[in-house]
Each structure stands twice: as structure tokens, then as C-alpha cells.
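Me: I am new to this structure. Please show me how to read a few of its features.

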Amino acid sequence: MISFLVPRQPALLRLRLSALGLMAVAVASLTNAVLQGQSTNYTIYYPDGRRTISVRSSGSTDIVALDQLTPVFGLTFTEDRVAGGLVIGTRGERIIAVPGQSFIQVGGRVVGLDGQLQRERNTWTAPIDFLSKALGPAIGQPVVLRKASRLILVGNVRVPQVGGKVEKTAAGARIVLNVQPMAPHKVTRDGNKLTVRFDATALDMMPITGFINDFASAAKIDGLSVIFDLGTLAATFKAEDDREAVTIELLPPAPVAPPPPPPLPPTLPGATPRPAAPAADPPRIDLSGGGIRTIVLDPGHGGEDAGVKSAGGTEEKSLTLTFARRLRASLEARMGVRVLLTRDNDDNVPIDRRTSFANNNKADLFLSLHANSSVRPAVRGAQVYTLDLSSYPQQTGLVEARRRTVPVLGGGTRTLDPMPWDLAQLPFAGEAATLAGILVQQFGDRNVPLNGKPAVTAPMRVLIGANMPAVLIELGFLSNADDEKALTNADTQSAIIESIVAAIGEVRRGIPAAEPRGGGQ
């Protein structure tokens with residue numbers, strides 16, 4: 001509706017219009033020809049619903065007829081033919097414009113637009129950025145313009161952008177959905193369909209790439225859900241999320257155990273008993289009467305303690321948590337062991353509580369994950385640390401004197417060590433040194449970059465209280481650009497995780513005791 005301006009503060013209004021006109025003279029005049037070009041549709045999402053509007057292109061600028069916005073924003077148009085101005089009323093502030101110019105005034109502020117505001121036939125037209133630059137401030141709510149998606153978001157409506165990829169991993173495959181901004185969601189499976197449903201007003205979908213037929217062959221959008229077609233190897237899934245992404249691990253079926261060997265035929269009376277065939281792989285020193293059953297992973301730092309930080313912004317606390325979560329998924333899926341994390345979010349866990357957590361859960365292995373830093377940017381490569389016994393020369397004999405071996409219900413034995421917590425690691429230092437050597441070998445076999453001193457002993461506080469074999473793995477140096485790039489690369493991450501899984505698999509039935517070295521190596 002267009003009407004003539006009822007004289008009300010005419011001097012002030014004409015002064016404002018005059019000021020806008022003077023500013024417009026300083027810029028090149030745009031054409032006043034009738035809008036030409038192809039039309040397309042934008043969708044407006046607002047708290048009370050949604051509406052589709054038609055927009056036409058003029059060069060690189062999209063132009064909208066303002067009468068289409070009236071149902072959403074309650075616009076009125078009042079024209080002052082004497083002053084040559086236009087007042088656009090909203091449910092909030094008024095917008096004052098000079099037809100044929102690319103300047104408007106909202107709440108006392110002059111704002112430039114991408115094109116002219118002008119009259120065409122029986123309506124007024126404006127460039128599409130009029131919504132975010134003029135209407136948003138006028139109504140006191142954010143108006144977000146997504147030109148690539150042809151979306152306009154008014155107020156606090158939730159329309160996340162969702163895109164991603166499927167990638168191969170050492171354990172199977174992974175779906176990574178990048179969600180901006182993150183929205184509440186739920187992941188479910190029904191047969192060969194995996195559904196990620198978002199709690200949102202709508203989805204702004206981006207491409208999903210990298211499909212792997214054996215795990216995830218395709219994806220489609222159904223309302224507020226992204227539905228993946230799963231392949232024959234996607235036996236189980238595990239979903240994780242952070243502030244920017246939803247990560248879904250797709251895992252293959254667990255390996256089938258070989259059938260037991262047939263029993264030996266009965267021995268005839270008076271015959272010489274047949275000796276049992278020797279075991280092909282004799283068991284090593286047994287841990288806890290049954291091998292490695294529980295592993296505690298310790299993602300270093302957390303909370304206000306970010307650890308070291310690379311020049312590119314990678315933080316140690318986030319990197320170690322990512323590795324710990326992926327390593328847990330691989331160990332649980334491929335070895336069937338119980339895996340616990342000292343922290344599964346951005347918490348600052350005191351050092352002593354990390355090993356006490358492992359002790360209280362009767363862990364058989366303790367692996368602390370960290371990233372290193374050096375004042376020399378050229379220094380790089382992974383390292384494995386174990387406890388340096390040279391710092392405890394007198395206590396070592398005391399530990400051995402106190403060790404007691406007792407039988408375990410159901411067979412086997414277990415060693416008890418009645419001693420202070422700060423001596424708990426000493427009896428296991430030899431086994432830890434053996435595990436460190438195996439880890440270094442597995443890293444080398446998979447071309448994981450190694451430091452010139454890959455196996456190091458040091459008086460590490462995080463290890464001393466662990467009542468089981470414990471090692472600290474420095475994944476690499478974030479102060480080195482090559483290491484940072486490698487540690488944030490999916491292939492290198494998979495190689496490191498595969499190496500650790502292989503090393504644990506090699507000692508799963510027990511770690512052979514070895515004489516630990518003293519002093520840093």
C-alpha cells in the first residue's frame with residue numbers, strides 16, 4: 001500500500017532525505033531502467049513459518065520486490081512526493097530512503113546497499129541485501145542472507161548447513177558431517193539405513209562426497225534427516241560429535257574365532273601315551289591371570305590446560321582427545337577389550353587422578369597420549385617414554401622385597417605390591433620398556449615419523465603411580481610444521497592408531513619382562 005506522507009515533522013524528514021541525496025551524488029549513478037534478468041526463488045524461514053519469494057538478477061545483484069516481504073515484516077510504504085523520499089514502516093524502526101539511490105537510513109544510521117531502491121510499476125524494489133542491512137536492524141532481529149543456498153533466516157530459527165564426506169580408516173570407514181552451527185541430533189539405524197535426524201527448522205544441505213560402497217554407498221535428504229545407505233561391511237556404528245562435526249565410525253564384523261582342534265583319540269590300555277603337540281605360540285608372562293582385558297587411555301591436558309599449541313592453532317588437548325577416541329573405537333572393535341578414557345571431554349583432570357583412575361578400574365595397560373614441542377622447529381617425530389628407574393635406586397630393592405604372588409580364583413596367579421602409590425610403577429618398568437620398544441618398531445613399520453631418540457626413559461610423574469605397565473606416547477612435535485600437518489591428516493592418524501593396535505595385539509597375552517634402562521636415552 002502506497003500513500004502520501006501526512007505532514008509530520010516535515011522539516012526534519014526533508015533534512016534527512018536531503019542529506020541522503022547529497023551523499024548519493026558522491027557515487028556513480030546506477031541505471032533506472034526496468035529490472036531485467038532471470039528470476040529465482042529464495043526461501044524465508046522465520047519464527048512463525050516460511051515463505052518463498054521471487055528474486056530477479058540484475059548483473060551480479062539480486063533484486064526483490066518489497067511487497068513480497070509485507071506478510072513477514074509488516075511493511076508499509078509512505079511516499080513524500082514533495083521531498084522525493086520514501087518511508088518504509090516496519091514493526092520496529094522506520095526506514096527512510098531516496099528512490100533511485102543506494103543509500104537508506106535506519107535508526108539514525110546511513111547504510112549503503114548493493115544497488116538502488118527504486119519504483120517499478122506498482123511496487124518498490126531493492127537489492128537483496130536490503131533484508132540483512134535494513135530490515136534486520138529495523139526489527140531488532142538478525143536477518144541472515146545465504147545467497148549460495150537462496151535462504152533468508154529471520155530471528156533465531158535453526159537451519160544448520162550440513163555437508164561432509166565418507167573416508168576409509170584402518171578399522172573400517174568413517175562418516176564426517178560438518179554442521180554449522182551445530183544442532184541437536186540423533187543417530188539411529190534400521191537395517192541398512194543409517195539416519196541422522198536434526199532438531200532444526202530446516203537443513204541447508206551441502207555436498208556429501210567420498211562414498212565407499214562396502215560401508216556407505218549413498219545419502220539422501222528426507223525432511224530434517226540425512227539417510228545413508230550402508231554397505232555389507234558396516235556391521236556396527238559408533239557416533240561421536242563435537243562443536244562442529246558429527247563423526248560416525250562404521251565398523252566391520254568382528255573376526256570369527258577358529259574352531260577348536262579335534263580331541264585326541266583315546267589311548268589303548270598298555271600303550272604309550274601320545275605326547276601333546278607343542279603350542280605353536282607359547283604364552284608369555286600372563287597379566288592379571290588372563291592377559292590384557294582393560295586398557296586406560298589418557299588424553300593429555302584438557303580444560304584450561306591446553307598443552308602445547310602449533311603456529312597453525314592446533315591444540316595438544318584437542319589432538320590427544322581425538323586420537324584417544326579413535327584408538328578406543330579401534331581397540332574395542334578389533335580386540336574386544338575394555339577401553340576407558342581418563343577424560344572424554346574438555347576437562348582438566350589432575351595428573352594423580354589419571355593413574356588412580358587406571359588403578360581403580362584394574363587396568364592392564366596405561367597409555368598416556370601427548371604432543372611435543374621444541375624451541376628448534378626442525379625437531380620432529382614420535383617418541384615413547386617410560387619411567388627412568390635411575391631416579392629411584394634405593395626404592396627398587398624395597399619394591400622387589402615387598403612383592404607377593406598369590407593364587408587367583410579360577411586358576412593363575414597375581415602379584416600384589418603393598419607399597420606407596422608413588423612407587424607403584426617400579427615393578428612394571430621392565431614390561432613397560434618392552435612395550436615401548438614394540439611400539440617404536442610398529443611405528444617404523446608403518447612409516448610413522450620417528451624422532452632421532454624414539455625410546456626415552458624419564459622421571460614422568462604421570463607414569464609413577466600406575467600399578468600396571470605404563471607408557472607415555474608423544475605423537476609428534478606441534479612446533480614442527482610437517483608434524484602438525486601429519487598429525488591432523490587422516491592417513492597419518494590411521495597409521496599411528498594401527499601401530500598402537502598392532503603393538504597391543506602383539507603383547508595381548510602378556511608382556512615379556514625386560515630389564516629397563518636407566519637414564520634418558
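Reply: We take a helix, then a sheet. This is a predicted model: local features need pLDDT of at least 70, side-chain atom pairs count only at pLDDT 80 or more, and totals for chains, interfaces and linings use all residues. Residues are numbered from 1 along each chain as its sequence is written, and side-chain values use heavy atoms, without hydrogens and water.

Me: What span does helix H10 reach from its first C-alpha to its last?

Reply: Helices are DSSP runs of H or I with at least four residues, and strands are runs of E with at least two, numbered from the N terminus. The expected span is 1.5 Å times one less than the number of residues. H10 covers residues 490-506 and reaches 24 Å, close to the 24 Å expected.

Me: How many residues of H10 are buried?

Reply: Buried means under 20% relative accessible area, with a 1.4 Å probe and protein chains only. In H10, 12 of 17 residues are buried. Among them are Ile496, Ile497 and Ile500. Their cover includes helix H4 (316-335) and strand E24 (365-372).

Me: Which residue caps the N-terminal end of H10?

Reply: Asparagine 489 does, with a side-chain oxygen 2.9 Å from the backbone nitrogen of aspartate 491.

Me: In what order do the strands of the open sheet lie?

Reply: Two strands pair if DSSP finds at least two bridges between them. Here four strands follow the order E15-E16-E19-E18, with antiparallel pairing. E15 (185-190) and E18 (216-222) are the edges, each pairing on one side only.

Me: How many bridges join E18 to E19?

Reply: Six bridges join them. Isoleucine 221 stands opposite valine 226 in E19.

Notes
Buried means under 20% relative accessible area, exposed over 50%, partly exposed in between (1.4 Å probe, protein chains only). Contact means heavy atoms within 4.5 Å. A polar contact is a pair of N or O atoms within 3.5 Å; within protein, one must be able to donate a hydrogen and the other to accept it, and residues adjacent in sequence count only if both atoms are side-chain atoms.
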